[in-house]
Amino acid sequence: MSGRSDIARSAGGVGAITMASRIAGFLRDAVVSHLFGAGAVTDAFNIAFTIPNLFRRLLAEGALSIALVPVFSQYEATKTETERKRLHDSTLSAMAAVLAVVTVAGVVLSPLVVKLFAPGFLRDQFALAVKLNRIMFPYLFCVGIASFFVAIMNARKSFLLPASSPIVLNFAIIACAIGLHYFLHPPIMALALGVFAGGVLQAVLMFTAAGRAGYRPSPRWEPGHPDVKKMALLLLPATLGIAIYQINVMVSRALASFLPKASITYIYLSDRLFELPLGVFAVAVATVSLPALSEMSAKKEWDRYRDTISFAMRLTLFICVPAMVGLMVLRVPVISLLFQHGAFTAKNTAECAAVVLTALAGIWAVAGTRNLAQGFYALKDTKTPVKVAFWAFVVNAACSLLLMSPLGAPGLTLANSISSAFNFLALAWLLSRKVGGWGQRRVATSGLKSLAAALMM
């Protein structure tokens, strides 16, 4: 019960901070919609921003937390301060080198990457996307370094300040959009400069926070450190697993580049609404449960391990199921309130609402997958989620090709929801086989009760 209380309390704190971040994000999107509307220019920006964001999730926030937090948590529980400092310094030096190489390559090869992500873009739109992407790509280096400090703090069960760092990015974009768009040509360049500025501020914030927590980095080139190698081995399959998920996103947006203008923007905005309950609740629970599960796995406390996964899943579905239904019912007024002003019209709202409806249908599955995967990662099994994610990608690609012609952009988000359900169900079955059950019936009963209440709502 004590462990459950700690997880719920920490998740509540992270969720509250994430809610503030999401509100700032919606304010950012409202400013962007007001200034630039929905069309070819915003499509170009959203594709250009998708590219460094993809690499951020591959090499920074997502994969790094999977690979670093379990090992860092183990060191916090069993090693001396000197040993922890040596591991942290060696990891940071290796990470900085890799991030620098990828960042330079991304800037140089930007035309090829944009062509891959948006093959349907024509000359002017393509050139704009390349220009924006080159300005934003260094954001990857900054946020990667920030994510390293986040992993240290999460391993020490410090979650609130790391969860607040995206707020800095959102307000940097808002400030640059409002303050600079009059002076730049094209005006949407202001958004790209805001992304880069936000990345720098995030890195400075997390560096300062880690220093106050007692870690002051110093260069140490030791890529042969045994646990640096262990994290690299964990990072590779974790990166592949996230890559497959992100490739689903890439496929959807690449196919959307062949659909009518603004389709990419509608898919982007649907992701923003989708991520509200996902980030505020599901990711918050997953973030605080991973260090706990890693510690239980290291101590062979399997009953507590299974109980923690079951509790995390029930807590997640208790919130995400009614959030999903509520957003479905209220999607038109929500989109109108957030985005329908300035250059974003009522016609845009109606078209966006259709995309949002099919996207929201997969919230429960993505939320569940996010938490089930932590169970595998705590066991240092990063291969199983990769294998499942690959087959989910196949399902997504097949459904996208079948549904995009009759349904347009809503067909692409429906394909994502179908593949997410497949991913969740497969992981649930495999984790049960691996650990001898984790309370699936109890989770299913709790989820169905939440659904019944949500349908009355």
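Let's start with Ser-450, which is found in helix H18, the stretch covering residues 440–456. Keep in mind that this is a predicted model. Is Ser-450 buried or exposed? Its relative accessible area is 7%, so Ser-450 counts as buried, given that buried means under 20%. Which residues does Ser-450 touch once its neighbours within four places in sequence are left aside? They are Leu-317, Phe-318, Val-321 and Pro-322.

Now hop over to Ser-90, another serine to look up in the structure. Ser-90 has its place in helix H4, which runs over residues 81–108. With a relative accessible area of 0%, Ser-90 is buried. Not counting residues up to four places away in sequence, Ser-90 touches Arg-220, Glu-222, His-225 and Val-228.

Ala-373 sits in helix H15 and counts as buried, at 8% relative accessibility. Where does Ala-286 come in? Ala-373 and Ala-286 are 87 residues apart along the chain, yet their C-alpha atoms are separated by 8.9 Å.

| Residue | Helix | Relative accessible area |
|---|---|---|
| Ser-90 | H4 | 0% |
| Ala-373 | H15 | 8% |
| Ser-450 | H18 | 7% |

Next, how do two helices pack? Two packed helices are described by the angle between their axes and the distance between the axes. Take helix H15 (residues 363–378) and helix H17 (residues 409–435): their axes come within 9 Å and cross at roughly 30 degrees. Angles under 35 degrees count as roughly parallel, and H15 and H17 are therefore roughly parallel to each other. The crossing in which H15 passes H17 is left-handed.

Who makes the contact? On the H15 side you'll find Trp-364, Ala-365, Val-366, Gly-368, Thr-369, Leu-372 and Phe-376. H17 brings Ser-420, Ala-421, Asn-423, Phe-424, Leu-427, Ala-428, Leu-430, Leu-431 and Lys-434. Sorted by class, this contact of H15 with H17 has 11 nonpolar, four polar and one charged residues.

Definitions and conventions: Residues are numbered from 1 along each chain as its sequence is written. This is a predicted model: local features need pLDDT of at least 70, side-chain atom pairs count only at pLDDT 80 or more; totals for chains, interfaces and linings use all residues. Side-chain values use heavy atoms; hydrogens and water are left out. Helices (H or I, at least four residues) and strands (E, at least two) are DSSP runs, numbered from the N terminus. Buried means under 20% relative accessible area, exposed over 50%, partly exposed in between (1.4 Å probe, protein chains only). Contact means heavy atoms within 4.5 Å. Axes are lines fitted to C-alpha atoms, for helices over the stretch in contact, and angles run from 0 to 180 degrees between N-to-C directions. Angles under 35 degrees count as roughly parallel, over 145 as roughly antiparallel, 65 to 115 as roughly perpendicular and the rest as oblique. A crossing is left-handed if the near helix is turned anticlockwise from the far one by less than a right angle, and right-handed if clockwise. Ala, Val, Leu, Ile, Met, Phe, Trp, Tyr, Cys and Pro count as nonpolar, Asp, Glu, Lys and Arg as charged, and the others, Gly among them, as polar.
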